[in-house]
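I opened my notebook to work through this structure one piece at a time. Come along and check each entry against the picture as you read.

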Amino acid sequence: MASSVLTDSRWIARGEERTSLPRFLLWLSPWALLLALGVYAAGLCLYYGLNQTNMDNRFAFGLWIFLDLGVIALGAGAFFTGFLVYILKRAELKPILNTAVVVGFICYSGAVAILMIDVGQPLRAWFTFWHPNTHSMLTEVTFCISCYLLVLSLEYIPILFRNRQLRKIPSFFIFEHQLHKLVPVLAAVGTLLSFFHQGSLGGLYGVLRGRPFAFRTGFLIWPSTFFLFILSAIASGPSFLMLVTATVEKVTGRRLVPQEVFGRLAFISGLLLAIYVAAKSVDTLVWLNVTSPSAGFAPWQYYSHKPFGTPILFAEIVVFGLLPASLLLFRKTAEHRGLLLTAAAMACCGILLNRFVLTVQTLALPTLPFDEFLSYVPSWQEVASFGGVIAYGVIVYSLSYRYLPLFGSKGETTHVSGN
Amino acid sequence: MFPGIDGFHWTFGHILFLSLFLVVAATIFATVISAVWRTARDFRTRQAIDFCWKANFSELPISERRCRHELAGRVISRTCDNAFDCRHCAKYSQFAVLPATGHASSLGLDYPNDRFYHRGHTWVRPEEDGNVTVGLDDLAEHLVGNPDSIQLPGVGDQIDISQTAWRMKKNGREIAVRAPIEGEIVELGGPTKGWFLKVRPRLDTTNPLTFRHLLTGPEVHGWISREMERLQLQLRTPNTPPALADGGTLVPELMNAVPEADWDTVLAETFLEA
């Protein structure tokens with residue numbers, strides 16, 4: 001009877017092989033510890049305030065905002081895959097759809113959680129909706145992210161209700177079926193919301209006139225960073241999905257999606273990344289030669305402060321931009337799993353580097369003549385909260401993979417015709 | 001920002017932004033409400049019951065969805081696409097007239113000819129009073145033996161074809177037994193009586209169409225021999241190559257006799273759970 005106590009096989013989809021429950025719990029335990037530490041650190045920040053962090057009035061954006069921008073960009077695979085499958089009818093990407101939703105849900109819920117700590121005063125969270133700063137792009141970001149997290153939660157429900165035990169409850173089963181039929185509507189709404197908030201997050205930096213390193217001109221009310229953020233997010237999202245799926249395949253030792261799906265994602269990611277790199281290059285040249293000089297700043301002075309020298313610019317555009325874009329577009333790369341994943345990882349690193357530069361380098365550089373170069377090292381509470389969000393993501397994904405149909409023919413919902 | 005807040009003044013930007021936001025929020029809200037309403041409608045019109053079984057059926061392994069005519073040897077290979085409801089199968093009559101070539105061996109199990117069999121291992125026996133008796137077939141009885149507990153429906157309750165008729169528990173595992181016929185429960189039995197339910201069928205039992213979805217004659221032997229093959233493969237010692245035993249009979253209380261087997265899978269496939 002002891003073996004039956006330590007088994008959860010009746011919760012696992014029939015025909016699916018999963019590791020034993022003790023091994024699974026062993027895998028989860030370090031992540032659970034990290035999550036517990038993160039929750040403790042977050043509790044300290046919420047209870048004592050932001051003096052627990054190394055941020056201040058000058059350095060108001062740090063590790064947390066970098067994390068937010070990073071995971072929101074990488075989570076773009078969710079809306080973009082939904083857009084491709086449901087709006088553009090690219091059915092070949094269906095095998096990756098469920099995992100895209102879960103990854104997106106984790107990324108956005110993690111981002112919202114960390115924002116709650118950063119903003120503080122969670123009991124006054126509703127203020128942002130009732131007393132918003134109508135002159136801030138963050139208002140639009142707040143509204144869109146809140147709505148999109150709701151959309152992702154609704155997209156997650158059908159997957160959740162397909163759990164082997166939950167699907168035995170008829171009302172859950174029928175609701176899942178009916179909601180699944182309406183998912184294209186949610187996919188369209190998600191696409192609209194994502195385009196706007198991805199763009200507004202970029203626009204947030206582009207409108208900072210007081211920060212010439214970040215300030216950009218653009219089109220009508222939108223600075224160029226608005227469009228660059230959208231492009232970079234939809235370029236890196238598919239790459240991140242490839243990375244997650246390949247990692248799960250490596251850990252589980254199973255082939256989860258056909259190689260053609262990887263090839264298709266690689267092409268999409270590579271093409272968009274190439275367009276992004278081209279746009280980013282033009283934008284950088286315009287900024288270096290027109291925007292910055294007109295504001296009275298010699299462009300190369302931005303790169304005189306170590307460690308933020310020109311190698312970072314080179315790395316962002318060439319090493320983690322042009323190079324992975326070329327690799328992803330090259331047909332031979334798609335056939336070589338190692339090369340493909342290296343390129344995907346480089347693309348994701350490039351986007352993270354871009355978010356880091358805009359968040360940390362922007363604030364570190366002096367703007368006024370009496371300003372000094374600022375350095376910022378996050379406190380352990382910031383790092384622990386950061387780690388907690390990563391642990392949360394790993395735990396949620398691990399549980400989803402174990403108990404929900406994320407991949408394959410059984411994974412993709414088989415809906416019968418009628419009603 | 002909103003009216004009632006000090007210093008608030010409407011601008012075109014406010015109206016545009018709020019309108020867009022409200023449209024998005026209303027769309028999300030309407031989507032959820034629509035899904036809830038459709039779910040309630042499906043339950044109200046009993047479509048939900050039919051849908052649950054059809055969805056479950058579509059996810060069964062192909063080996064469990066073989067057509068009755070294949071089991072009887074009338075056709076070489078055919079997968080059922082009617083959720084085992086031959087009453088709505090356009091091809092039924094076309095194949096039913098063909099001669100059955102399947103062999104009939106006893107396999108050591110008792111499958112009397114006076115009853116009809118459902119793929120979920122239940123049987124139906126028409127009675128003289130117009131009611132039918134429903135019980136668990138011999139293979140299922142060998143598997144489960146004496147259940148630890150049984151949860152029967154109440155007298156007067158309605159059951160529907162391929163929906164859960166009653167539940168049993170054995171060694172901590174719950175088994176949902178599918179109903180072989182639709183109708184109203186008129187009497188309750190149990191393992192000691194050799195049957196579980198007496199049912200007043202919704203349809204006329206003198207009409208052959210009422211039992212058409214159930215297996216009979218050579219189909220039963222073809223079906224049971226495949227079920228036995230499946231069981232032998234599933235109950236073999238772990239990490240041993242598949243081998244089919246020739247001869248021999250099932251021992252009673254198999255769940256107790258082979259406790260190390262993957263009973264979740266065995267029970268799911270036996271009682272048609274996806």
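Predicted model: local features only at pLDDT ≥ 70, side-chain atom pairs only at ≥ 80, totals over all residues.

**Entry: a helix in chain A.** I began with helix α4 of chain A, residues 76-87, and asked how far apart its end C-alpha atoms should be. At 1.5 Å a residue, the 12 residues should span 16 Å.

Next I asked: is α4(A) mostly covered or mostly open? I found it mostly covered, with 11 of its 12 residues buried. The buried ones include A:Ala76, A:Gly77, A:Phe79, A:Phe80, A:Thr81 and A:Tyr86. I then looked for what covers them, and the list includes α3 (63-74), α5 (97-119), α7 (137-160), α9 (183-206) and α10 of chain A. After the helix comes A:Lys89, and I noted its positive phi, near 60°.

**Entry: nonpolar cores.** Which residues touch the most other members of the largest nonpolar core? I found A:Val101, A:Cys147, A:Val151 and A:Leu193, in a core of 130 residues. Helix α10 of chain A, residues 224-252, gives the most to this core, with 14 residues. I kept a general reminder beside this entry: in soluble globular proteins, nonpolar side chains tend to be buried together.

Setting aside neighbours within four places in sequence, I saw A:Val101 in contact with A:Ala78, A:Leu152, A:Glu155, A:Tyr156 and A:Ile159. One of these, A:Ala78, took me back to α4(A), where A:Ala78 is buried. There is also a second, separate core of 40 residues, and its members include B:Val144, B:Trp166, B:Ile175 and B:Ala179.

**Entry: a sheet in chain B.** In what order do the strands of the open sheet lie? I read off β1-β2-β3-β9-β8-β5 in chain B, 6 strands with antiparallel pairing. The edge strands are β1 (116-118) and β5 (158-159), as each pairs on one side only.

I looked at β9(B), residues 195-201, from both sides. Strand β3(B), residues 132-136, runs antiparallel to β9(B) and is joined to it by 3 bridges. β8(B) and β9(B) form a hairpin with 4 residues between them, and B:Gly194 in the turn has a positive phi of about 85°.

**Entry: where the chains touch.** How many residues of chain B are in contact with chain A? I noted 30 residues of chain B against 33 of chain A. On the chain B side, α1 (12-44), α2 (47-58) and α8 (263-270) each supply at least two residues, and α1(B) has the largest share, with 14 residues. By class, I listed 16 nonpolar, 9 polar and 5 charged residues on that side.

**Entry: domains of chain B.** Last, I looked up the domain assignment, which gives chain B a domain 1 (1-45) and a domain 2 (109-270). I noted that their C-alpha centres lie 51 Å apart.

Methods. Residues numbered from 1 in each chain as written. Chains lettered and ligands numbered in written order. Domains from an automatic or database assignment. Contact = placed C-beta atoms within 7 Å. Nonpolar A, V, L, I, M, F, W, Y, C, P; charged D, E, K, R; others polar. Core = buried A, V, L, I, M, F, W, Y, C linked by C-beta atoms within 7 Å. Buried ≥ 20, exposed ≤ 12 C-beta atoms within 10 Å, placed from the backbone. Expected span 1.5 Å × (residues − 1). Pairing = 2+ DSSP bridges.
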